[in-house]
Amino acid sequence: MHALIQGVILGVLTGGVYALMASGQTLIFGIMKVVNLAQGAMVILGAYLAYQLFTSLGLDPFLAIPITTIAMFCLGVVVQLVFLRPLRRDDKAELSLLVTFAVALLIEGSLSLTWKTTYRSINTSYANSSWTILGYQVTEVRFWAFVLSLVALGLLFLLLNRTRFGRAVRATVQNPDSARLLGVDSDMVSALGFGLGAATAAAAGSVYGLLYPFFPGSHYDLISRLLSIVVLGGLGSVGGAVIAGVIVSTSSAVVASTVSPAWSEMTFFVILLLVLLIRPQGLFGTVGRGAL
Amino acid sequence: MSDLLSVDHITKVFGGVRAVDDCSLSVAEGTITALIGPNGSGKTTLFNMITGYLPADSGRVAFAGRDVTGSDPGRLYRAGLSRTFQQARVFPQLSVLENLVIAAGYRWSQLFTRRVAASDRARADDLLEEFRLAPVADLLAAELSYGQRKLLEFAAVLMSSPRLVLLDEPTAGVNPVMIETMERHIRSRHRSGITFLIVEHDMTFVMRLCDPVIVLDSGREIFSGKPTDVQSNPLVLDAYLGA
Amino acid sequence: MNRAGLARGGVFFALLVALPFTGLAHWQLNLLIFVLMFATMSSGWNLVGGFAGYPSLGHAAFFGIGAYSMGLIFQGHTLGSGYEPFFLLPVVGLIGALIGWPIALISMRTRADVFAIVTITFLFVVQTLAFNLHSVTGGSQGLALPTPPFAEVHFEWPYYYTLVILLAVVMLITYGTIRSKLGLSLVAVRADEDKARGIGVRVNGVKVLAFAVSVGITAMVGGVWAYYETFIYPQFAVDPLITIAIVLMTFLGGRATLWGPVLGAIILEGGQQTLAYNLGGSQFYLVAYALIFLVIMLLLPRGILPTLQDKLRMKGRARRVDATGGTGSVATAVRPGAVASTQGSGA
């Protein structure tokens, strides 16, 4: 029982971080119908940027976030403009998968060249301190990571719901064609949307770097988790991604603490298949009217 | 005459909008029934539910005396209920002939026969002749005019010897000569025993060809009867001219 | 396809059969073995990714499954003649297909992008399992196979000829697919699945069948690879780069064509060995590979063969129009070229 509750605590706290990463990915899908396979690699890139700022300037990873998000936002815009925009519309869905996969490899390769392939971790002064509440351990850094994720998600929510850009994004998600007719510049929205997705990856990357050791190939683990989360939440639904992030992370932490860590990876996949069996559109996705 | 198709209290809601609202109607065997109504009255949604493309929220559909609610479009097609789409949907990378062949012969074992088997070829040739598509049989469907593509889509669904064909706006976007051609083909196929349910906006076309006429408004049937009575019905006038 | 096509196939395979007799060095045969592996896997991927239009990103998982199946079947066995593993390849293929079947059944019900997500997730799950299920796979320590008793001089030959046979089989399957109603159905699925479903095409059946055959072939290649290397390390057996390589080769040569994947494999596997040799460290290699991939996607998204075919067709059309004084009806001018470019005749 103790292990179970400890697993739930760990899962919920970590779930916040996953929710942040996944919200960027599902946003990109919502706007452009592109499944961004580079999202995991962008998170790891964010972690390396935070690592570099910490080791060479002593900048705390939490404080580095404004810098890394801006840098990664620009990178996201460039990826969209250079690699995704030129794809022809009729087989864009298929090609964009492969293009973002290639971008992921490009990032992985560049990271390996710059920082080698050994594991790195960001060792802040508070990295190992923790609180004990009612006999359950809560590491400090995990708690602050959770808080930060909530703040970032809150900002994202405000951006989407309270600004002109947010309105344009939501219109594009619902119906790209009518949005275009209403004067929404879809190229602009796509570029900014991809930038925003990359920015959330940067923020999540700082946090990820604090929580786990990482190496350039870490994005493979991440992307399979993220994909399971966005499918579970319903492709394109930001709220769904948040809830699914917590669900997936909690259940895999529980499996890890009660069964075995080896099988916790499997949890993602089993959840993914179950979702597709029972509710193919995900928890909060809508059944598209498809091509009809 | 018995009902070949009957729709019983069917409903579909899209995010709060009742696209089809507790709608019931029936199509008698041997008729050319028209389904008309103002834009957004739910005609295409109803088509999609009848042909298995959209699951209904509630209600039942029966075809040839059997309950087919929730059936797969492919099964309905094999059972003799086929349809065309508002925007003619053919396979642009396939030749005209192949577009016909693909619509016939759906037993598993046939998957491993020749791309264009002799028996399919014979049937397709007849249809190509009938629809005057023989000269373009080897062209890619992408190279046809829009009207020809509509004709091809219509011809293709006949490969299966259907009992009921649903046509979604057969005359939309085609020239007057093609409209006459379309009308001729519908009549001749009707004579050979096929029942039609047609969604159409062109009222003169409907008046010439269809009997009875069903009028849909806000997702439900408001009139069903002779075409001559349609224009004098106050409910219909109300629906079209706005309340 | 026609007599010229059959002749092309005959010459190609005669050449493949004859090559080892020209006294190639071991490293050259080794290179050819890898080219054959990738040509076979790309052709296999093409069945589902090219013809059906469902881009699987998980084929590397089935390569690994094939490798481990082969490894596990021969745990603790000694080999007599050394040819048993080759005779058991169909079993390995069947294992791959049986694992792929339910995954396809579930993930192909929705859209192609969900399918891609499920397959790539499956890849990483298999990778993690390969590392973590120590009792079965030996984890990162790896899994050893019995050493083959082949003579040093002709060590590569059995693997080489097995792969030639596998390539011939998958190309025959592809050819048969193109020529049969199955191929027609797959083209329809790829172009407009909803419409295809509505005219009675066995949409689900053909998709799942294509996937099962495709991953079965991939598993068999994995089996040959395991026996060739005689040692299975998880990071090489379940490597996302394998997926990327076979997808890239198919795209480069031309999707949904008979020869495209083979051509792509010859160009890229050759190039890859050169890259790996010249750039040494695998990190430059990753960057170079990713860049090549991006350039191909952006500049030649349809692949070499389809692009060439289009060029030829345009030329043919122009010539015919010239011959009729430029006034020939469009229909007759277009016709022969149009027919030649249908998916079916694919190279």
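Predicted model: local features only at pLDDT ≥ 70, side-chain atom pairs only at ≥ 80, totals over all residues.
How many of the 15 residues of helix 3 of chain C are buried? Hold that thought for a second. Hi everyone.

Okay, back to helix 3 of chain C. Of its 15 residues, 13 are buried, so the rest of the structure largely encloses this helix.

Of its 347 residues, 53% count as buried. And if you take the contacts in chain C with a separation of 6 or more, 80% of them are between residues 24 or more positions apart.

You'll find it in helix 2 of chain C, residues 26–51. Is C:His26 buried or exposed? Exposed: a residue counts as that with 12 or fewer other C-beta atoms within 10 Å, and C:His26 has 11. If you want a sense of distance, C:Trp225 is 199 residues away from C:His26 along the chain, and their C-alpha atoms are separated by 16 Å.

Now the inside. The largest nonpolar core has 287 residues, and those with the most contacts inside it are A:Ala102, B:Ala155, C:Leu163 and C:Ala210. Which helix gives this core its largest share? That's helix 11 of chain C, residues 203–229, with 18 residues. Let's zoom in on C:Leu163. Setting aside neighbours within four places in sequence, C:Leu163 is in contact with C:Ile33, C:Leu36, C:Met37, C:Thr40 and C:Val224.

On to how chain A meets chain C. Here 39 residues of chain A are in contact with 37 residues of chain C. On the chain A side, the elements giving two or more residues are helix 4 (92–115), helix 9 and helix 11 (261–278). Helix 4 of chain A gives the most, with 15 residues. By class, that side of chain A has 28 nonpolar, six polar and five charged residues.

Just after helix 9, A:Gly234 takes a positive phi of about 100°.

While we're in chain A, there's another positive phi, of about 60°, at A:Lys33, which is not a glycine. A:Lys33 sits in the loop between helix 1 (2–32) and helix 2 (39–57) of chain A. With 16 other C-beta atoms within 10 Å, A:Lys33 is partly exposed.

Chain B is where we get to talk about sheets. One is an open sheet of six strands, in the order 6-7-8-3-9-10, with mixed pairing. Its edge strands are strand 6 (81–83) and strand 10 (220–225) of chain B, each pairing on one side only. From one strand to the next, the twist averages 20°. Within this sheet, strand 3 (residues 32–36) and strand 8 (residues 195–199) of chain B run parallel and are joined by four bridges. B:Leu35, for one, has B:Val199 in strand 8 as its bridge partner. Packed on the sheet is helix 1 of chain B, residues 43–50, and its direction makes about 150° with that of strand 7.

The other sheet has four strands, open again, in the order 2-1-4-5 of chain B, with antiparallel pairing. Strand 2 and strand 5 (66–67) are its edges. Strand 1 and strand 2 of chain B form a hairpin with two residues between them, and B:Gly15 in the turn has a positive phi of about 45°. Eight bridges join these two antiparallel strands, and B:Ser6 stands opposite B:Ser26.

B:Asp211 and B:Pro212 are joined by a cis peptide bond, with omega about 0°; B:Pro212 is in the loop between helix 7 (203–209) and strand 9. And B:Arg132, not a glycine, has a positive phi near 50°. B:Arg132 is exposed, with 12 other C-beta atoms within 10 Å.

That's my tour, thanks!

Definitions and conventions
Residues numbered from 1 in each chain as written. Chains lettered and ligands numbered in written order. Buried ≥ 20, exposed ≤ 12 C-beta atoms within 10 Å, placed from the backbone. Contact = placed C-beta atoms within 7 Å. Nonpolar A, V, L, I, M, F, W, Y, C, P; charged D, E, K, R; others polar. Pairing = 2+ DSSP bridges. Axes fitted to C-alpha atoms, helices over the stretch in contact; angles between N-to-C directions. Core = buried A, V, L, I, M, F, W, Y, C linked by C-beta atoms within 7 Å.
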